Amino acid sequence: MTDTAGTDAFVVRHLSKVFGGAGQVHALSDINLHLKKGSFTCIVGPSGCGKSTLLRILGDLETATSGDVQINFEQTRVPRSAFVFQEHGVFPWFNVLENVAFGQKMASVSKRERESEARNWIAEVGLTGFEDAYPHQLSGGMRQRIAIARAFATGSPSLLMDEPLGALDAQTRILMQEQLVRLWEVERKTVVLVTHSIEEALLLGDQIVVMSARPGRVKEIIDVPFGRPRSVAMEASPEFARMKQDIWESLRDEVQASMSFK
Amino acid sequence: MTVAEGVARRVTELDQAIDQEFKREQRLRARDLGLAILTPIVLLGLWELAAATGVLDARLFSPPSAIGERGAEMVADGSLFVHIWATVGRLAFGFIAGSILGVFAGLIMGVVRPIRAALSPTFTALYALPKIAILPLLLLIFGLTETPKILAVAISVFFVVQINTLAGIMQIDARILESARAYKATGIRLFVNVLLPAAAPAIMTGLRVAAGMSVIVVTAVEFVASNNGLGYLIWNSWQLFQPATMFVGLIVVSVIGALVTGLIIVLERVLLPWRHSNSPKKKESKK
C-alpha cells in the first residue's frame with residue numbers, strides 16, 4: 001500500500017480526534033486510510049461514530065488531535081475539496097445560478113467563466129430553466145441538486161459529501177443516487193460520501209469503510225465488486241443482497257453499542 | 001369517436017369547474033377589499049351624524065366635514081406644509097443617520113468579538129432607557145436648535161437598528177456558515193456574500209420598528225421643544241382649543257407614519273427579493 005502513495009488522494013495515518021472542553025468526547029481513534037485518486041468511498045457507521053468529523057478533517061473544516069492527514073492534490077486556485085451537506089448548504093439569498101457558481105466566485109474565477117461552468121452543471125443535474133429561481137421556490141430534491149451541482153462546478157479534484165441525500169424522500173433519493181453515479185462516471189473525482197444507508201453505499205461506492213461505535217475506528221474496508229455503469233436494478237441481484245447482509249451483520253453490533261451509550 | 005367526445009366533454013367540465021373556482025376566489029377578494037374600505041367610511045359617516053345630532057359634543061369632536069374644511073384652509077394658506085416639512089425633515093435626518101450608524105455598529109459588533117463584548121451590555125442597558133427622557137439633556141447641551149430634535153430621533157433609531165442587526169448576525173444558521181467556510185469564503189467576501197444577506201431580514205425588521213418609533217419620538221419632541229412641526233401643531237391647538245386643527249395634525253401624522261413604514265416595506269421587497277418572490281416555479285426554455 002505504501003508504495004502507491006503517489007496515486008493516493010488522501011492518506012490518513014493514526015488519526016485521532018478528541019473534542020475538548022469539559023466532558024471530553026473521543027470521536028475518532030487511530031484511523032488509517034488510503035483513498036485512491038478517482039475512487040468513490042462510502043463511509044457507514046452508527047450515529048455519533050465520528051464519520052462526519054472524519055469527513056470534515058479530510059476537508060480541512062476540522063483539525064486532527066493527533067496523527068496526520070496527507071492530501072495529494074496540486075494546489076490550485078480552487079479548493080482541493082468541495083462539500084455537499086445534508087441540508088441548508090445552499091444560500092437562500094442567491095438564485096440557482098449564483099449558488100452553483102459560488103465556489104468559483106470565492107476562488108476568484110471571472111464572472112463569465114464561472115457562470116458558463118455553472119450553467120453546464122445546472123444542465124447536468126436537470127435544473128435548466130430554474131437558473132433565476134431562489135432555493136425556497138424549489139423542492140428539497142431540487143435544492144440538493146443545486147448543492148451537488150455547486151460541488152462539481154467548483155472544479156475541485158475531490159468531493160466530500162455528508163449524507164447528501166439523507167433528507168430526501170425514498171423515491172427522490174433513488175433518482176438522485178442514480179444521478180450521482182452518472183455524474184461521477186462522467187467526471188471521476190475522488191469522492192468520500194458519508195451515509196446511513198448500506199444500499200446507497202453499495203450502489204455508489206468502490207469501497208465501503210465500516211466504522212465502529214464511538215470512539216470511531218475503521219472496523220472493516222469492503223471492496224464493492226460490481227462493475228460500472230451501475231443502476232438501481234442491481235439491488236435485485238443475490239450478490240447485492242448477500243453483501244448488504246454481511247455489512248449489516250458487521251454494523252449491527254456497533255449500532256447496538258452506540259445505542260447503549262445513550 | 002364517442003370515447004374521444006366523452007373525454008372532450010370531461011375536459012370542458014373540468015375547465016368550467018376550475019374557472020368557477022377561480023371566479024369565486026376573485027369575488028371573495030373583491031368583497032374583502034370592499035369591506036376594508038367601507039368600514040372607515042361608515043365610521044366617519046356615523047361620526048358626522050353623531051356630531052350633527054348632538055350625540056357627540058361637536059366642540060370636542062369636530063365633525064369630519066369641519067376637519068376637512070380646516071385642512072383645506074391650511075393647505076390653501078400654506079401653513080400645513082410648513083409643519084409637514086419641519087417634521088419630515090427631522091424625521092428623515094434622524095432616521096437616516098440613526099439607521100446607518102445602527103447597521104454599522106450592529107455589523108461590527110456581530111463580527112468583532114472584543115467590540116461586542118465591550119459594547120453589548122452597555123447598549124442593551126441604554127436600549128431600555130426611554131429615549132425621549134434624554135431630550136432635556138440634549139436641550140441643555142445644544143440649546144433650542146434643530147440638533148437636539150434630530151439627535152433624539154437618531155438615538156432612538158440607532159439602538160433599535162443596532163440591536164436587530166447584531167441579533168441578525170448572531171442568529172445566522174451554523175450550517176450556512178460551515179457551508180461558506182467549506183467554499184473558502186473569508187474576510188470581505190464572507191461579509192458581502194454571506195453575513196450581510198443572512199442578517200438582512202433582521203436589519204429590515206429593525207428598520208421597520210424604528211420607523212414607527214421615530215414618528216412617535218419626533219411628535220413628542222415637537223410637543224415640548226419646538227415652534228413648528230406637526231407635534232407642535234397638535235400641542236398648540238390643544239392650548240388654543242382648536243380641535244379641528246388638532247385632528248388635521250393627527251391625521252397628517254398618521255399618514256406620515258404609514259408612509260414611512262410603507263417605504264420600509266417597499267425597500268425590503270426591493271432589497272430582499274429572495275424572501276418575496278413566491279411566484280410559482282418559473283420554467284422558461286432557455287435559448
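Predicted model: local features only at pLDDT ≥ 70, side-chain atom pairs only at ≥ 80, totals over all residues.
## Helix contacts in chain B

Two residues are in contact if their C-beta atoms, placed from the backbone, lie within 7 Å. From α8(B), the residues B:Val218, B:Thr219, B:Ala220, B:Val221, B:Glu222 and B:Phe223 meet B:Leu230, B:Gly231, B:Tyr232 and B:Trp235 of α9(B). The two helices, α8 (residues 187–225) and α9 (residues 230–239), pack at an angle of about 50 degrees, and their axes are 7 Å apart. They are therefore oblique to each other, and the crossing is right-handed.

Another pair in chain B is worth a look. Helix α3 (residues 79–111) packs with helix α6 (residues 146–170) at an angle of about 30 degrees, the axes being 6 Å apart. Angles under 35 degrees count as roughly parallel, so α3(B) is roughly parallel to α6(B). This crossing, too, is right-handed.

## The nonpolar core

The largest nonpolar core has 126 residues, and those touching the most other members are A:Val44, A:Val100, A:Ile122, A:Ala149 and B:Val153. Beyond its neighbours within four places in sequence, B:Val153 is in contact with B:Arg90, B:Leu91, B:Gly94, B:Phe95, B:Gly98, B:Ser214, B:Val217 and B:Val218. B:Val218 is also one of the α8(B) residues that meet α9(B).

## A covered helix in chain A

Now to A:Ala149, which is among the buried residues of α5(A). This helix (residues 140–153) has 14 residues and reaches 20 Å from its first C-alpha to its last, close to the 20 Å expected. It is mostly covered, with 11 of its 14 residues buried.

What do they pack against? Their partners in chain A are the strands β5 (81–84) and β6 (158–162) and the helices α2 (96–100), α3 (102–106), α4 (111–124) and α6 (170–186). Just after α5(A), A:Gly155 takes a positive phi of about 80 degrees.

## Backbone details in chain A

Most residues other than glycine have a negative phi, and most peptide bonds are trans. A:Asp60, though not a glycine, has a positive phi of about 70 degrees. A:Asp60 sits in the loop between α1 (51–58) and β4 (66–71) and is partly exposed, with 16 other C-beta atoms within 10 Å. A:Glu163 has a positive phi as well, near 45 degrees. Its place is the loop between β6 and α6, and A:Glu163 is partly exposed, with 19 other C-beta atoms within 10 Å.

Finally, a cis peptide bond joins A:Arg214 and A:Pro215, with omega about -5 degrees. A:Pro215 lies in the loop between β8 (207–211) and β9 (218–223).

Technical notes
Residues numbered from 1 in each chain as written. Chains lettered and ligands numbered in written order. Helix = DSSP H or I, 4+ residues; strand = E, 2+ residues; numbered from the N terminus. Expected span 1.5 Å × (residues − 1). Buried ≥ 20, exposed ≤ 12 C-beta atoms within 10 Å, placed from the backbone. Core = buried A, V, L, I, M, F, W, Y, C linked by C-beta atoms within 7 Å. Axes fitted to C-alpha atoms, helices over the stretch in contact; angles between N-to-C directions. Parallel < 35°, antiparallel > 145°, perpendicular 65-115°, else oblique. Left-handed = near helix turned anticlockwise from the far one by under 90°.
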